[in-house]
Every structure is written in structure tokens, then in C-alpha cells.
Amino acid sequence: MSANVISLLIEATLQTCYMVAASTILGTLFGLPLGVFLATSQRGELLSAPLVNKVLGLIVNAARSVPFIILVVAIIPFTRALVGTSIGTNAAIVPLTIAATPFIARLVENSIREVDAGLIEASRAMGATPFQIIRKVLIREALPGIMLGLTLAVVSLIGYSAMVGAVGGEGLGDLGIRYGYQRFMPDVMLAVVAILIVMVQLVQSVGEWIAARVDKRAARNRGH
Amino acid sequence: MTRTEPTGASIIFENVGKSFSGADGTGVTALKDVSLTVDAGAICGIIGRSGAGKSTLLRMVNGLERPTNGTVLVDGRDVGRARGAELRAIRRDVGMIFQHFNLMAQRSVFDNIALPLEIAGIAPARIEPRVNELIERVGLTTHRDRFPAELSGGQKQRVGIARALATKPKVLLSDEATSALDPETTQTVLTLLRDISRDLGLTIVLITHEMAVVRDIASQMAVIDGGHIVESGPTYDVFIQSAHPTTRSFLSGVTGVTLPAFLSGRLSKQRNAGDQQEVLRVTFAGPHATDPMLARLSTDLNVSVNILAGAIEEIGPHPFGNLLISLDADRGAEARAYLERHGLLTEVLGYVR
């Protein structure tokens with residue numbers, strides 16, 4: 001493998017990391033509040049707003065049922081309006097974020113629904129406002145689950161980021177298609193696949209480690 | 001603790017009713033026309049079977065449930081009509097502990113107890129000494145930085161109690177707080193509650209299905225059945241004078257004084273012709289509880305008395321005895337009159353041959 005190809009691989013890996021990191025951060029920024037709202041806005045819940053809950057739920061489901069590759073193409077005009085171009089890593093972040101947001105929202109919603117209803121009752125009995133309950137109780141108690149959910153989201157985004165390579169994004173997917181497939185360089189293809197596998201393994205391990213660190217439910221994490 | 005004067009608040013339920021509308025449009029009435037006054041500084045035990053409405057009643061004191069009709073007054077404030085900030089202010093004056101503790105699993109003992117203070121917007125510098133004081137009060141100094149998963153049930157409930165006391169409430173609500181604990185731990189938790197009531201003077205309302213809990217710490221009590229209060233008053237009075245079958249069945253649970261099965265199966269309410277034995281419940285109360293009344297009865301009236309079951313125990317400082325006896329039915333009225341004349345309470349349970 002030439003030095004040129006190796007530098008291409010390094011560059012593509014960094015581009016993938018950039019796209020995944022940016023879309024994870026943006027997706028969490030939008031997905032976390034959305035997930036919290038979905039988990040707390042059914043009838044009779046903390047932020048009871050059944051109609052808004054239904055509408056948002058429908059939108060989230062719709063966004064999640066569009067295959068990612070279709071989503072990328074379908075929102076090209078939107079992407080272009082937002083970043084000025086539909087090609088490159090910055091442009092790829094738009095569809096990646098749009099795919100990540102509802103996904104993260106559902107994962108957050110599930111984690112928060114797992115929190116014992118007794119804790120909400122106890123906090124209400126203390127005189128907590130709904131916002132205090134969400135901030136001090138629900139998110140904190142759901143944190144280990146949210147961390148595992150985010151891990152899952154990052155792994156999915158690594159896969160999606162390879163797909164945007166097919167439509168003019170950059171990164172490892174793009175490299176694999178242009179060099180490994182179109183120029184028939186099997187060693188590049190193999191290297192791309194190997195790097196992706198290592199990335200996913202690393203993300204999974206780190207995610208699980210963080211989730212275990214923040215989880216105080218099991219005494220095994222403690223020194224006693 | 002910093003307070004020495006009694007700081008409890010009175011709680012008044014006035015003709016309180018509560019109905020829930022079911023999903024299919026049918027309504028369920030949980031409480032009907034409940035009136036009850038809990039004196040400031042009292043420990044009031046509310047006992048009832050599951051589904052009797054006691055939990056609903058308790059949760060009206062801090063507005064977790066709102067009455068459909070009637071009024072709930074805590075320290076003169078109308079909880080049922082309070083909203084928003086006003087309701088949250090009342091809730092800070094009413095601490096609550098739970099059967100399943102409801103501690104935050106991701107917060108340490110210290111942080112759990114600090115939570116209500118954080119919620120009240122107290123400055124962190126003032127939270128720390130207060131929490132340390134509470135941890136010491138409930139005897140968990142060495143567990144300050146532990147997490148709930150590392151504590152026993154009794155320790156968790158003590159964290160729950162410390163948490164409930166953090167904002168210096170005037171009322172403490174206990175929702176079956178000892179039901180998930182073993183008998184020994186139950187005793188330590190009850191002792192802690194009694195000490196707190198004595199030291200802080202706060203009003204405690206506890207709901208339970210265990211008569212022993214009421215007997216051990218409640219100064220007043222109410223028995224609830226099917227959404228009604230069937231009996232209420234000072235605990236001792238209810239124990240010795242209870243007439244309602246629900247109260248009776250709870251009492252027999254705690255005293256263990258029930259008819260042996262071979263007798264209860266044959267017991268008839270009506271007196272039949274022929275040689276019959278009258279089965280009586282005799283309740284010894286107050287100064288007569290320790291008198292050898294049955295021995296005197298046989299001597300003075302010359303009737304032979306059969307003891308079927310019995311026990312003597314204490315409610316607070318007062319001894320209290322409960323005996324089941326049988327004697328010749330022809331002499332029943334005479335014997336009952338004799339016992340009543342000597343300050344004992346009698347009740348005819350039935351007749352056997």
C-alpha cells in the first residue's frame with residue numbers, strides 16, 4: 001500500500017470521525033429534549049400535552065421509516081440551503097443529524113420511561129416543579145440507559161456516514177467505494193472495513209464503560 | 001435538632017369524597033363523605049385493607065390526590081384548592097415516606113437527603129450542615145457516601161425518613177412505610193418515628209394494614225373500609241370499644257385472639273333449644289385488665305367458665321386484655337351483668353352445643 005493511499009485512509013478516518021461526532025452532538029442536542037418531552041407529555045404525565053405528543057410521535061416515526069439513503073437525496077435542497085452545498089463532510093452532517101435526532105429521541109424516551117414512577121411521586125411530594133423533576137431526577141436516573149442508547153446511536157451513525165460516501169459525502173465509505181470498488185483496490189477496501197470494525201468496537205466498549213461508571217445501582221462499581 | 005417547640009400542624013378532612021373516572025366512562029368511588037381531624041402533634045394511624053381508600057386519603061394531605069368534594073385543611077390551608085407555587089409550598093411542609101422507599105438509585109445517601117433542599121432552592125453551603133445533621137439523626141453517619149443499592153431495607157427507610165424531614169416539615173406522611181420490612185427492622189423504624197414525633201412535635205399520619213403498627217405508635221386511629229371511616233378516636237378507646245366487624249377482624253389479627261376452628265365452625269348466632277354454651281368475648285381495659293375477674297365470677301356466681309383463647313398486652317402504657325370464654329347459656333345474662341358491673345366489656349359471639 002503506497003504512502004499516498006495511507007494518507008488517504010487517515011484523512012478519510014478523520015472525516016468520518018468528524019461527521020459522526022458532529023451529528024452525534026447535534027442529534028443529542030435536539031434528540032434529548034425531544035425524547036424527554038415524548039416521555040413526559042402523555043395524558044396525565046408531568047408535561048401533559050397529549051395532542052403535541054401524538055403529532056411529534058408521528059413525525060418521529062415518519063422520519064425513522066425513511067431509508068437513510070433516500071433521506072440523504074430527498075433533503076438535498078434543504079442541505080444546500082443550509083450549508084450552501086450538498087457535497088462534502090459538512091453537507092453530510094445535515095442528513096446524519098436528521099437521522100440521528102428521532103433515533104436518539106426514542107432511545108432517551110425509553111430510558112426515561114424505565115425510571116420508577118415512585119421517584120416522580122416522591123419528587124412531587126417534595127414540592128418539585130416538573131422542570132426540576134426532569135433535570136434532577138429523570139435525566140440523572142436514566143443516565144446509564146441514555147449512555148447505552150447514545151452508544152447505539154454512534155454505532156449506527158458510523159454506518160450511515162459510510163453511506164453518505166455514495167452520494168458525494170467524504171470519509172471512509174467514500175474512500176471504500178471510489179478506491180476499493182471503482183478502482184478495484186481490494187487492499188483499500190479491506191483497510192476501510194477493518195478501520196470501521198475497530199471504530200465500532202472502540203465506541204461500544206467506551207460507551208459501556210461510561211454507562212457502568214455512571215450507574216450506581218450495582219455495588220460492583222464501588223470500592224466497598 | 002434545632003427545634004424544641006412542637007411544630008406540628010393539624011389536619012382536617014371535612015366531608016371528603018373522591019371518585020375516579022375509569023377509562024370506559026364508569027366511575028369508581030374511592031372515598032365517601034370522610035370527616036376526620038388529626039390533632040397537631042398526634043400520631044394518627046389509618047388502618048384498612050388494600051383498596052379501602054387509605055392511600056387516597058393520605059395522598060390528599062400533600063395534594064398528590066385532589067378531593068372530588070369536601071375540604072382538606074393542613075395547618076388551616078386548603079390543600080385541595082392550592083395550585084402551583086402555593087401547593088409546592090404546602091408540600092415542603094409535608095414530608096412523606098414510602099413502602100418502597102423511592103430513593104434515587106443514582107444518588108448517594110447524602111445527595112438523596114439533599115434533594116428536597118436543592119428543590120427548595122437552598123444554597124449549597126446551607127445544605128451540607130443540614131444534611132449531616134439529618135444523617136446523624138437517623139444513625140447513618142458511616143453510610144453518608146453509600147448508594148441505595150448498598151443499603152439494607154431498614155437503612156433505606158431511614159434515608160427516606162431523613163429526606164422527608166429535610167425541609168423541616170410540620171407533617172410526616174407514612175405510606176405503609178414498614179410493610180416491606182422484617183418485624184425487627186419495623187420496630188427500629190417505628191421507634192425512630194416515635195422519637196421524631198416526640199422531639200420535633202410534628203404530626204405523623206401513617207397508613208398501614210398492620211394493627212400492630214397502630215398499637216405500637218399511634219395516639220389516635222381511624223379504621224377505613226370501603227371508602228368510609230367506620231371508627232376513629234384515641235387508639236386505646238378504639239381498641240377496647242370497637243364494634244365494627246372490620247375493626248374486630250384487624251384486632252383479632254393483632255391480638256391473635258380468635259376462636260379455635262373446631263368451635264367457630266359450630267357457632268350459631270341463634271340460641272337453640274337444649275343444653276347450650278354461650279361464647280363470649282370479654283375485654284379487660286384500664287385498671288381491671290389485670291384483675292382475676294374470671295376466678296371471682298366462678299366463685300361469686302358459681303358458674304364454670306371455659307377459657308377458649310386469650311391474651312393480655314399493652315397499648316402505650318395501658319394494659320389491655322382480650323379473652324374468649326364459654327359458659328352455660330342459661331347463666332349467660334347473669335354472668336355478663338356481673339362482668340359489666342366490674343368494668344369489663346362483653347360481647348356475645350354465639351352459641352354452641
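Let's start at the interface. Between chain B and chain A there are 11 residue pairs in polar contact, both residues at pLDDT 80 or more. That cut-off matters here, since this is a predicted model.

Which elements of chain B supply at least two residues each to the side that touches chain A? Helix H2 (84–92), strand E6 (94–98) and helix H3 (109–119). H3(B) gives the largest share, four residues. By type, that side of chain B divides into 12 nonpolar, three polar and 10 charged residues.

Now salt bridges. The rule finds two across the interface of chain B and chain A. One side-chain pair meeting in a salt bridge is B:Arg59 with A:Glu121, at 2.1 Å, N to O.

Next, area. Chain B and chain A bury about 2300 Å² between them, and carbon and sulfur atoms give 57% of that. Three residues, B:Met104, B:Gln106 and B:Ile119, supply 29% of what chain B buries against chain A, more than any other three. The contact takes 25 residues from each of the two chains.

On to the sheet in chain B. It is open, with four strands in the order E2-E1-E4-E5 and antiparallel pairing. The edges are E2 (27–38) and E5 (77–78), each pairing on one side only. E1 (residues 11–21) pairs with E2(B) over eight bridges, antiparallel. In that strand, E2(B), B:Val28 is the bridge partner of B:Phe20.

Last, one residue: B:Thr191, in helix H6 (residues 183–200) of chain B. A polar atom of its side chain lies 2.7 Å from the backbone oxygen of B:Gln187.

Methods
Residues numbered from 1 in each chain as written. Chains lettered and ligands numbered in written order. Predicted model: local features only at pLDDT ≥ 70, side-chain atom pairs only at ≥ 80, totals over all residues. Heavy atoms only, no water. Polar contact = N/O pair within 3.5 Å; in protein donor to acceptor, adjacent residues only side chain to side chain. Pairing = 2+ DSSP bridges. Contact = heavy atoms within 4.5 Å. Buried area = accessible area lost by both parts, 1.4 Å probe. Salt bridge = Lys/Arg side-chain N within 4 Å of Asp/Glu carboxyl O. Nonpolar A, V, L, I, M, F, W, Y, C, P; charged D, E, K, R; others polar.
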